[in-house]
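This briefing goes through a single protein chain, topic by topic, with the sequence and model to hand. Please read each point against the structure shown here.

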Amino acid sequence: MKIKKNITYLFYCNVSSLDWKEAYNYLPTFRQQKIDSYKIENDKILSAGAWIVLHKAFSLSGLKIEKYEFKTTANGKPYFEDCPIEISYSHSGDYVLVALSGGPVGVDIEKIRDVDFKIMPLIYDESQIYEV
């Protein structure tokens with residue numbers, strides 16, 4: 001699959017059953033260090049899963065992820081130096097979402113949680129509560 005300009009390709013995966021410890025040795029050093037910095041087990045799973053899905057997405061597009069140096073902008077947006085495609089990824093709950101595109105791209109995924117409406121008066125004034 002060749003990444004076409006102005007088309008975004010999405011890849012997602014439920015990584016809840018991923019054994020991040022088994023995958024750890026196959027991950028690049030910078031990703032291992034990021035995983036090591038997390039204290040919460042699910043954060044470790046999501047970080048490993050994000051890299052695995054990104055790696056698979058690159059593979060499906062005919063690109064070798066190892067060929068490009070992973071970097072982040074001053075704002076924290078990930079990219080691969082001198083890579084012909086743009087990337088974005090997000091993770092939340094049990095899911096990882098990766099986007100590859102021939103142009104600028106950004107994705108976000110969030111687990112839907114119940115809202116505790118009792119705290120709304122602490123955050124909003126009365127007119128804003130009515131709008132929500």
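Glu81 is partly exposed in this predicted model, its relative accessible area being 31%. Its side chain meets that of Lys71 in a salt bridge, with 3.1 Å from N to O, and this pair links distant parts of the chain, since Lys71 belongs to strand β2 (residues 69–72) and Glu81 to strand β3 (residues 78–81), ten residues apart.

- Asp82 is placed in the loop between β3 and β4, where it counts as exposed because its relative accessibility of 72% is over the 50% cut-off.
- Most residues other than glycine have a negative phi. Asp82, although it is not a glycine, has a positive phi of about 60°.

**Nonpolar core**
- The largest nonpolar core has 29 residues, and those with the most contacts inside it are Leu54, Phe58, Phe80, Ile87, Val98 and Leu100.
- At least two residues of this core are supplied by each of β1 (8–14), α1, α3, β4 and β5 (95–101), while the largest share, nine residues, comes from α3.
- Val98, when residues up to four places away in sequence are not counted, touches Tyr9, Leu10, Phe11, Ala50, Val53, Leu54, Ala57, Ser88 and Tyr89.

**Helix α2**
- In helix α2 (residues 29–37) the buried residues are Arg31, Gln32 and Ile35; they lie on the same side of α2 because they cover an arc of only 105° around the axis.
- An α-helix has 3.6 residues a turn, so residues three or four places apart point the same way.
- The buried residues of α2 pack against α1 (20–24), α3, β2 and β4 (86–92), whereas the face turned away from this buried side carries the exposed residues Thr29 and Gln33.

- Ser61, in the loop between α3 (41–60) and β2, counts as buried because its relative accessibility of 9% is under the 20% cut-off.
- Once its neighbours within four places in sequence are left aside, Ser61 is in contact with Met1, Lys2, Ile3 and Leu100, and Leu100 is also among the core residues with the most contacts.
- Leu18 is found in the loop between β1 and α1 and is partly exposed, with a relative accessible area of 24%.
- Not counting residues up to four places away in sequence, Leu18 touches Ala23, Ile45, Ala48, Gly49 and Ile52.
- From Leu18 to Cys83 there are 65 residues in sequence and 28 Å in space, C-alpha to C-alpha.

**Nonpolar surface patch**
- Ile119, Leu122, Ile123, Tyr124 and Ile129 form a nonpolar patch on the surface, and together they have about 480 Å² of accessible area.
- Tyr124, one of the patch residues, is found in the loop between α4 (120–123) and α5 (126–131), and at 35% relative accessibility it counts as partly exposed.

Technical notes:
Residues numbered from 1 in each chain as written. Predicted model: local features only at pLDDT ≥ 70, side-chain atom pairs only at ≥ 80, totals over all residues. Heavy atoms only, no water. Salt bridge = Lys/Arg side-chain N within 4 Å of Asp/Glu carboxyl O. Helix = DSSP H or I, 4+ residues; strand = E, 2+ residues; numbered from the N terminus. Buried < 20%, exposed > 50% of the residue type's maximum accessible area, 1.4 Å probe, protein only. Contact = heavy atoms within 4.5 Å. Patch = residues over 30% accessible without salt bridge, like charges linked within 9 Å, V, L, I, M, F, W, Y side chains within 5 Å. Areas by Shrake-Rupley, 256 points an atom, 1.4 Å probe, with all protein chains shown as cover. Arc of directions from axis to C-beta. Core = buried A, V, L, I, M, F, W, Y, C linked by side-chain atoms within 4.5 Å.
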